[in-house]
Amino acid sequence: MTLPILQVAQTIDNEYKELNVFTNEVPEEFISLPKLPICRVSELDMRYSTYASENPNYYDTYIQVDIWLSSLADVEKYYLAIDATMRADNVQCTYSTQTYDPDLEGSYRIVKRYVISNRVV
């Protein structure tokens, strides 16, 4: 079984080769406009769920994807396309927004949150 954070990172990396994809932390040398677009995938939370027994039957993992881009045209290119790519991999978007990030030289940032449900085996 692949960890959910790696599943999301691999799906994005395979579909969008132009994105520099990282898990959990972006190396400092990539935090500048010439290195954009960059993508960070991080796990927010994982919760077990049970039914009548005390043993967990499945777990939900919540993943956040941050994508920093240099223009609104790039935001438009990726904003809905990433969701379609993730849905094709059975991963559902639960939150989505676009912001302006003055800390990264005025870049634009897409924030997506996804949930992955897996059965406990």
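**Salt bridges in a predicted model**

The side chains of Glu18 and Lys77 meet in a salt bridge, with 3.8 Å from N to O. The model is predicted. Glu18 sits in the loop between helix 1 (4-15) and strand 1 (20-23), and Lys77 in helix 2 (residues 72-79), so this pair ties together parts that are 59 residues apart in sequence. The structure holds five salt bridges. Side chains of opposite charge can pair when their charged atoms come close.

**Glu18 and its setting**

- Glu18 is partly exposed.

**Asp83 and Lys112**

- Asp83 and Lys112 form a salt bridge through their side chains, at 2.8 Å from N to O.
- This pair links distant parts of the chain.
- Asp83 belongs to helix 3 (residues 81-88), and Lys112 to strand 5 (residues 107-119).
- The two residues are 29 residues apart.
- Both Asp83 and Lys112 are buried.

**Arg47 and Asp45**

- A salt bridge joins the side chains of Arg47 and Asp45, at 2.5 Å from N to O.
- Asp45 is partly exposed, and its relative accessible area is 24%.

**A linked network**

- Salt bridges connect Arg40, Asp66 and Arg109 in a network.

Note on methods: Residues numbered from 1 in each chain as written. Predicted model: local features only at pLDDT ≥ 70, side-chain atom pairs only at ≥ 80, totals over all residues. Heavy atoms only, no water. Salt bridge = Lys/Arg side-chain N within 4 Å of Asp/Glu carboxyl O. Helix = DSSP H or I, 4+ residues; strand = E, 2+ residues; numbered from the N terminus. Buried < 20%, exposed > 50% of the residue type's maximum accessible area, 1.4 Å probe, protein only.
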